[in-house]
Each structure stands twice: as C-alpha cells, then as structure tokens.
Amino acid sequence: MTGWMFWIVAALMTAGAVALLLRRLFATDASLPSGSDAAIYRDQLKELERELAAGEIGPAEAEAAKAEIGRRLLAAAGEAKPQAPATAVPLRRVAFGLAVLLPAAALAIYLAEGAPGLPSQPFASRDPGERQAIQTAVAEARALEQRLAASPQDRDGWIELGRRWSELGDSAKAADAYGRAIGLGGADPELTGRYGEALVGANGGTVTDTARAAFEQALKLRPGDIRARYFLALGNAQAGDNRAALELWQGLMRDSPADAPWLPSVRQHLTETAQRLGLDPKTAIPEPQPPTARATPPANGAAAAIASLPPDEQAKAIRGMVDGLAARLQQSPDDLEGWVRLARARRVLGEVDAAADAYARAAALAPDDAGLARAYADALLAAGRGEEVPPVLEAGLRRVLAADPNDLVALWFLGVAAQKAGQPEEARRLWGQMRDQFQEGSPERRAIEQRIVQLPAPGAG
C-alpha cells in the first residue's frame with residue numbers, strides 16, 4: 001500500500017469511527033428528559049407497544065407492564081417541575097470536542113510510535129520455513145490424490161492419503177480417504193477408529209451416527225479400545241443419554257492408568273455428567289489404575305483424548321505426555337518409536353527446534369527409513385534450519401527423490417548439500433527442477449531463482 005493510499009484509508013476509518021460516536025452522543029442527547037421523568041415513561045410505553053406488536057412479549061405481560069408504567073407516569077406528571085433545557089448544549093459541545101480531539105490524539109500517537117513508511121509484509125514472505133513445509137505437504141497430498149484417481153484399488157494409498165490430510169487438519173478429506181480404504185475390505189480396528197475420529201473432526205466435534213457406527217465396529221474388533229470408548233461416551237452425552245455416558249466414562253476411568261494424559265478430560269466429563277444427573281461427583285468418579293511404569297500411553301487413546309479437549313487444555317495434556325516421554329527416552333535412547341512420538345508432540349507444542357532434534361535422533365536409529373528422513377526435513381524447515389543437511393538426512397532424501405523425482409523438500413536440501421560440497425552444477429540442476437514446479441512470478445519461484453543466480457557461474461573457480 002502506497003503512502004498516500006494509507007493516509008486516505010486511515011482518514012476514512014477515523015471519520016467512520018467519529019461518525020458513530022457522534023451519532024450515539026446525539027441520540028443520547030435527544031432521548032434525555034427535558035425537566036422530568038415523564039418523557040422517559042412515555043418512551044417506555046412506545047417501546048412496550050413495539051415489543052407487543054413484534055411478539056416479543058405476551059398480552060398479559062404487556063398489560064401488567066402498561067399498568068406499572070402508567071402508574072409511574074401519573075406520579076411523574078404530578079411531581080414534574082419546569083427546568084431549563086441546559087443539558088443539550090454542553091453535550092453537543094462535548095461531542096464536537098471529541099470529534100476534533102480524538103483524531104488529533106490518535107494521529108499524534110501514531111506519528112510518535114508508528115511507522116508510516118514501513119512497507120506491508122505480504123503473506124508469502126512470512127514464516128517461509130513453515131509455509132513451505134505446509135505447501136509442500138498439501139502439494140504431495142494432492143499429487144497422491146491424482147495417483148489414486150488412476151489406481152482407486154490401492155488401499156494402502158488411501159490410508160496414507162487419510163493420514164496426510166489428517167495431519168494437515170482437513171478432517172473431511174481424511175474421512176473420505178479412510179472411508180475409501182475401508183470400502184476396499186479388511187477388518188482393521190485402527191483404520192476404523194481413525195475413520196470415526198476424522199468424521200467427528202469434520203463435523204465440528206459432533207459424534208454423528210456414521211461416526212458412532214465406526215467406533216462400535218472398532219470396539220468389536222478390538223475390545224477395550226480407548227479411542228472408541230471415549231468417543232462413544234462423548235456421543236451419548238451429546239445425545240442427552242447422560243446415564244449411558246456416565247457408565248462409559250466410569251469404565252474408561254477404571255481401566256486407565258493414573259498418569260494417562262486423557263484422564264483429566266475423562267474426569268471433567270464425569271463431573272459434568274454426574275452433575276446433570278444430580279449425583280455427587282465425588283462418589284460418581286471411580287479410582288483409576290496405578291500409574292504405568294512406561295509413561296507413554298497408547299497413541300490412539302492420547303490422540304482421542306487430547307483432540308477432544310478445549311484448546312487451552314490441549315497443550316497441558318500434551319505437555320504431561322511429553323515430559324514423561326522425554327524423561328523415559330533419556331533411559332531408553334534406542335526407542336525409535338518413542339523419539340518419533342516425542343518429535344510429533346514437540347511440533348504440536350510449537351517447539352520446532354526440539355522437534356527437529358528429536359527427529360534427528362529417530363533418523364539416526366533408522367537411516368534407511370525414507371519417510372522418517374522426509375519428516376526430519378519438514379521439521380528442519382519449520383525450525384528455519386533449511387541450510388542444515390546432516391549426512392543421515394542427505395542419504396534419506398536421496399531415497400525420497402528416487403521414489404518421487406519432484407519432491408520439493410528433497411530437491412531443496414539436496415541442492416543445499418551439493419552447494420556446500422562445491423558442486424554448483426548439481427545444485428543448479430536440483431534447484432532448477434524445484435523452480436519449474438512453481439508458477440512464473442510466484443514468490444517461491446523468485447526466491448529459488450535468486451538462489452540459483454548466487455551460484456558460481458559454470459567454469460568459474
């Protein structure tokens with residue numbers, strides 16, 4: 001936005017704000033009683049007639065209110081004394097004074113503290129690492145969708161697509177992908193549970209009939225499933241069947257270890273449900289199982305419980321899980337699955353550097369896992385560490401690129417590795433392949449072209 005345009009917009013906004021203020025003040029001025037309370041009661045009678053005509057109150061209530069207002073009106077009329085209408089003039093003076101002083105004060109403050117000449121920051125230039133990671137993940141999910149359109153019988157592909165959309169927060173697309181995978185056969189309680197959870201997310205936290213059927217099926221396939229029991233209890237509560245919800249919550253409480261991260265949410269639901277039934281929460285909430293030796297709960301149970309918590313409680317629940325898991329990993333540093341869970345939890349908490357470090361530990365334990373190397377690379381980008389290419393990451397991303405020659409993240413990091421190794425031509429080739437996937441004139445394409453230009457010219461050196 002140019003300088004003159006900024007000031008025009010600012011003036012228009014200020015004028016609008018002042019106009020609203022003056023309108024309110026003058027409206028107040030016109031409605032003030034001129035010397036007695038009688039005008040107020042007459043206005044109340046008019047308002048009462050309006051509410052009665054609009055159906056906002058019933059005839060009986062209107063008659064009773066009219067009688068009371070009439071009584072006060074007669075009393076006010078008998079006590080009224082002539083007064084000089086001195087209120088209007090000062091109020092108008094105050095209004096006009098504010099109309100002048102407020103914009104002047106705002107301008108003075110802005111000129112002292114603001115920066116009128118500072119250019120606006122386009123969205124494309126904000127948080128480039130995280131934005132690039134998200135855009136890449138979305139592009140890969142869409143590419144997978146296109147591949148599945150040509151191979152709709154690929155059950156594993158649909159499961160992977162559901163996982164990707166779920167991680168990106170698009171529950172509706174995740175539910176569709178999981179549903180297609182289920183339609184291709186195979187009784188799988190984990191997949192069925194994921195499908196139900198995605199349906200709940202796609203419907204704003206409501207356990208629909210289809211989601212309920214999925215959780216019931218998951219419970220049949222795997223009795224005791226934490227996620228299924230949790231959401232079935234939640235569905236009962238949402239449907240008004242508090243007794244059934246209470247029994248499910250109580251069973252879940254009895255079967256859960258005392259250090260389970262979903263336990264605070266279950267306890268809160270139990271308290272609320274007991275109160276709705278007129279029960280004493282102290283007697284309605286059973287004791288949980290003793291704390292587990294392993295501080296890491298079943299992943300499906302934690303995900304189900306944490307996802308159902310209010311936003312301000314989610315971080316607390318995840319923090320409890322993370323602290324226990326991090327402490328255990330100090331004693332069991334070879335636990336690959338534990339490091340991956342820790343990395344994911346760190347990302348949820350916004351601890352991007354710690355997440356990248358946890359992925360580094362996991363990648364070192366599984367150097368041949370291309371998917372893990374890809375997740376490690378995403379974490380480095382989110383942490384703004386796109387120039388770091390450890391050997392284990394480079395080897396993993398070469399496997400990623402062999403499977404998908406257009407993987408943007410692999411192209412970027414391998415280009416960085418080539419540049420650092422004194423191979424500008426290889427870096428130019430990799431980044432050129434990356435650049436060609438973006439539209440002409442896009443911020444991403446310009447950034448990559450600038451990086452290519454900075455490479456030594458062919459034959460230089």
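This report walks through the helices, nonpolar cores and aromatic rings of the structure above.

The model is predicted, so local features need pLDDT of at least 70 and side-chain atom pairs count only at pLDDT 80 or more, while totals for chains, interfaces and linings use all residues. Residues are numbered from 1 along each chain as its sequence is written, and side-chain values use heavy atoms, with hydrogens and water left out.

**Two nonpolar cores**

A nonpolar core here is a set of buried Ala, Val, Leu, Ile, Met, Phe, Trp, Tyr and Cys residues joined through side-chain atoms within 4.5 Å. Buried means under 20% relative accessible area, exposed over 50%, and partly exposed in between, with a 1.4 Å probe and protein chains only. The largest core has 45 residues, and L342, L393, L397, W412, F413, W431 and M434 touch the most other members. Elements giving two or more residues to this core include α15 (311-331), α19 (391-403) and α22 (443-453). Its largest share, ten residues, comes from α20. Helices (H or I, at least four residues) are DSSP runs, numbered from the N terminus.

Leaving aside residues up to four places away in sequence, L393 touches A373, Y376, A377, L380, E388 and F413; contact means heavy atoms within 4.5 Å. A second, separate core of 41 residues includes L148, L199, F215 and Y230.

**Aromatic rings**

The structure holds four aromatic pairs. Rings of Phe, Tyr and Trp (its six-membered ring) pair if their centres lie within 6.5 Å; planes under 30 degrees apart count as stacked, over 60 as edge-to-face and the rest as tilted. Two of the pairs are shown here.

| Pair | Centre to centre | Angle of planes | Type |
|---|---|---|---|
| F215 and F231 | 5.0 Å | 5° | stacked |
| Y230 and F231 | 5.6 Å | 75° | edge-to-face |

F215 lies in helix α9 (residues 209-221) and F231 in helix α10, so their pair ties together parts that are 16 residues apart in sequence. Both F215 and F231 are buried, and Y230 is buried as well.
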